[in-house]
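The exercises below concern backbone geometry in a predicted model. Work through each task before reading its solution.

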Amino acid sequence: MENVLKDTEAGRVPRTVSESETVIDPKLKAIWETAPGIRGILSSVDHKRIGIRYIVTAFVFLIAGGIEALIMRLQLAHSDLKILSPEAYNQLFTMHGFTMIFLYAGPVLSGFSNYLWPLLLGSRDMAFPRLNALSYWIFLLAGLFLYASFPLGLAPDAGWFNYPPLSGKDYNPGPNIDFYLLGLIFLGISTTVGSANFLVSLLRTRAPGMSINRLPILVWGTLTASIGNLLAVPAVSLACVLLFTDRQFGTHFFDVEAHGQPLLWQHLFWMFGHPWVYAIVLPALGIVSDALPTFCRRPLVGYTPVALATVATMIVGFGVWLHHMFATGMPVLSLAFFSAASLVITIPSAVSTFAWIATIWTGKPVLTTPFLFLSSFIILFVIGGVSGVMTGAVPFDFQLTDTYFVVAHLHYVLIGINVFPVIGGIYYWFPKMTGRLMSERIGRWNFWTMFLGFNIGFFPMHIVGLMGMPRRIYTYAPGLGWDTINLITTLGAFAFAIGVLLFLINVFLSARSGKLAGPNPWDAPTLEWSVPSPAPVYNFAIIPVVASRHPLWEDRLNESPERSSLTRGYLLNQGRETLATTVLDAEPDLILEMPGDSYAPLVLALALGVLFVGLILHSALCTGLGGIAIVIAILVWLWPQRRLGQVGEATHV
Amino acid sequence: MTYMRTFGPAADPVTSLGWGLTVICSLVILIIAGLLLTATLRARATTAAISSIPIVHPGGGLRWIVIGTGVSTAVLFGLVIWTMFTLAAIASSPEPPAFTIEIRAHQWWWEARYLNDSSDRTFVTANELHIPVGSPVQLKLIGDDVIHSFWIPALAGKTDVIPGQTNLAWIEANTVGTYRGQCTEYCGAQHAHMAEFVIADSAPDFKAWWDRQLIDAEVPSLDATTRGEAIFLARCGACHTVRGTGAGGIVGPDLTHVMSRHTLGAGTVPNERESLRAWINNAQAVKPGSRMPRLDLPPQDLDAVTAYVETLK
């Protein structure tokens, strides 16, 4: 690694230096620091700030979606209650689904990955820092756009799956559905640019030596999810555009009278929807695979099978969308194929499950709060998984589908596989983000309230589902035997909410007065723990050179004579610079000139917002202004800057 | 509404599969929970100082993955085979269906047309289907407005009713009784109140029921009911049909024999005098958002119409 980059006639030489951080730090800080005050807030492109913003915003939406759920649970606590009108209930369940799936579950993982990727990969920032900011601003504005419909009483009300003809103009003439369609298209832009950024960052900005067999599993998860998103999001954006033109311009894609096909929507939606399910769980599984071994004091069992299982899940995940549509009258042969695929997809999950159990079994588990969240996730994952097997068996799915059994299943998936690892992950990385540890004492209460509340609330839904209670009903008749279980579910849901509240309290208290963490409070093995807490704005004073999967455990594992170099490496301090490496082997290749703070992402996002507001208001003027503003913002963004020009290529020998 | 105990050949093989899956999946959960608890507790660290615990890298972990995944795959493979056999068993009825019921799903009620080769034995009813015990019946599901899903859990799984396409399903009951079902595809404001019932009769009872359904409504004999009929024709006839009278509307359910049905508003309320009266007067208070408008009849008129509808047996 010593002489990989050399002088060329035109090229600059990155120095390999070893200096004390006190000398390096002020200069790098001056280069990378975000401007203070409101200017910095609006223009920062620091991936760590953006990551934390993503997480905080996603949690605000989680709370909103949670309150919606609690109101619905009050209505369902007993038969024939009249707390909500049918219309109010239908808006609530639609918004609850949309919020949790699109505004919480996906973005919160984007937040983790935004915060962590450069730290895990040993780089100074994501490949496209401004795109990163754009992706956040669009996410925020799309969420606000959607929520603006609520106070107007015009929230979407055809379910998060929004099937036509119910979502068509004939049956839903108001702007409710337009909020849904435009909001989803708007949000899709955020997901798409974010995914592209993750991909390029992974391919080009890893530290030297970070070959693909040394990537943390979280990176594998987000990589897989990003590819999935890039392939899946166009399907749903297309579906939304088609339905929007049906509603506003009289096209007939889904219009039965004119031989349109309502099922076209379902295919496009689930071609997106099912891969999306994996996109919002695979990074979370990565959090578990990376953080759990730290508390078992050993490396993950079966790194390679787990990484491959991640990829395999996504690939098969593109071949199972029809299992959301088993009851639509498909030919038996299609049913058989998609049913088999839906059962096969369990196999990679089994690989990961046994890898985690073996890691705990053969390790020496330390029962901290993050360990509790991450290990209990395994059982929730298994419950959500086997109930998925039950729904994948097509004849039985004819019975299960659209009952509360599916509601139970999807909440074990989304809460069990997303929320539990996310909260475990926050306990784990909170010291890196804030410099302080979260309270273990509140943490125990937090964990047990959430775990018990969740299972008391959601496990009985399986049973009431088997007793035939359909989903999406705003009330039910007495005498069907559903009352008691629904009351238990409501109580459990409130207990779970108290657990989430304890978590928030812990975050607030610990951020102010938690124990100081130091660089590596968990004695964890990966690169992010080699830098101070909170992570400095430039991440790494020198770009490390990686020699194994566990740079901080090498001396103790002693698996090879090679050692990662964390104190000696490439110092890039002549501007905002980071190192580009080759795609497969992560050999040093180029020095990337990175852009600094910029308003362009915010302005572009706002311009897009104006365009979408114009569309919902049917205002040609507003839409046109938005369009013009978009063009201007893109021009300003892309206007060539001498500073960002590649001055010279460092040759690879 | 449970489907873990079923009463017909279109559902029974599925129920066995369902119980099988439930038992296997419960076992999997218990085994994994046991392994996880043991793994966590058997060698847990007793110190809170995490960095004082040595990092180890014992081998043998891969064996877990190989055995665990191997066993899971074998079980899954078995389940796939069981699933496919079950799918084949319910794909079509063992013997040809005795007759066909054409079902049109509306927001938020079910229209049922009993088909027969001879057109004078064809009739229309709503929300309550009668079938003869022991014979398969074909259902022709036709979408009308939005997507609904037809489901009688004790007799068969769901089949969606989709505008622009016709889906076929079949049911058969092997025991006399009333089986409740409910729409299971979200279909708008009153999705919650879109129940349907299948009543399995003995063969003679069924034939008697069918014969009775073919008869036109009787001409009212009392003053009150005669007045009620006149008001009905004026206020209700544009939407509802009562065969044998001038009421020929097709927006709402056929009411020729409405009093032979057990509920009103597709299972919303029991079909009793008080609820019938309330329904006629202001269905919006009973089933908000339903297509039946608020009539607000003067009390005497309301009594008369109620009395008339009560003659439609």
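**Backbone exceptions in chain A**

With 19 C-beta neighbours inside 10 Å, Asp523(A) counts as partly exposed. The exercises start from this residue.

**Exercise 1.** Carry out the analysis for His259(A): give its phi, its loop and its exposure class.

*Solution.* Step one: His259(A), not a glycine, has a positive phi of about 65 degrees. Step two: the residue belongs to the loop between α7 (217–249) and α8 (262–279) of chain A. Step three: because His259(A) has 8 C-beta neighbours inside 10 Å, it counts as exposed.

**Exercise 2.** Which residue is joined to Pro165(A) by a cis peptide bond, and in which loop does Pro165(A) lie?

*Solution.* Step one: the cis bond joins Pro164(A) to Pro165(A), with omega about 5 degrees. Step two: Pro165(A) is in the loop between α5 (129–147) and α6 (176–204) of chain A.

**Exercise 3.** Describe the peptide bond from Ser533(A) to Pro534(A) and locate Pro534(A).

*Solution.* Step one: this peptide bond, from Ser533(A) to Pro534(A), is cis, and omega is near -10 degrees. Step two: Pro534(A) lies in the loop between α17 (483–513) and β3 (543–545) of chain A.

Conventions
Residues are numbered from 1 along each chain as its sequence is written. Chains are lettered from A and ligands numbered from 1 in the order in which they are written. This is a predicted model: local features need pLDDT of at least 70, side-chain atom pairs count only at pLDDT 80 or more; totals for chains, interfaces and linings use all residues. Helices (H or I, at least four residues) and strands (E, at least two) are DSSP runs, numbered from the N terminus. A residue is buried if 20 or more other C-beta atoms lie within 10 Å of its own, exposed if 12 or fewer, and partly exposed in between; C-beta atoms are placed from the backbone.
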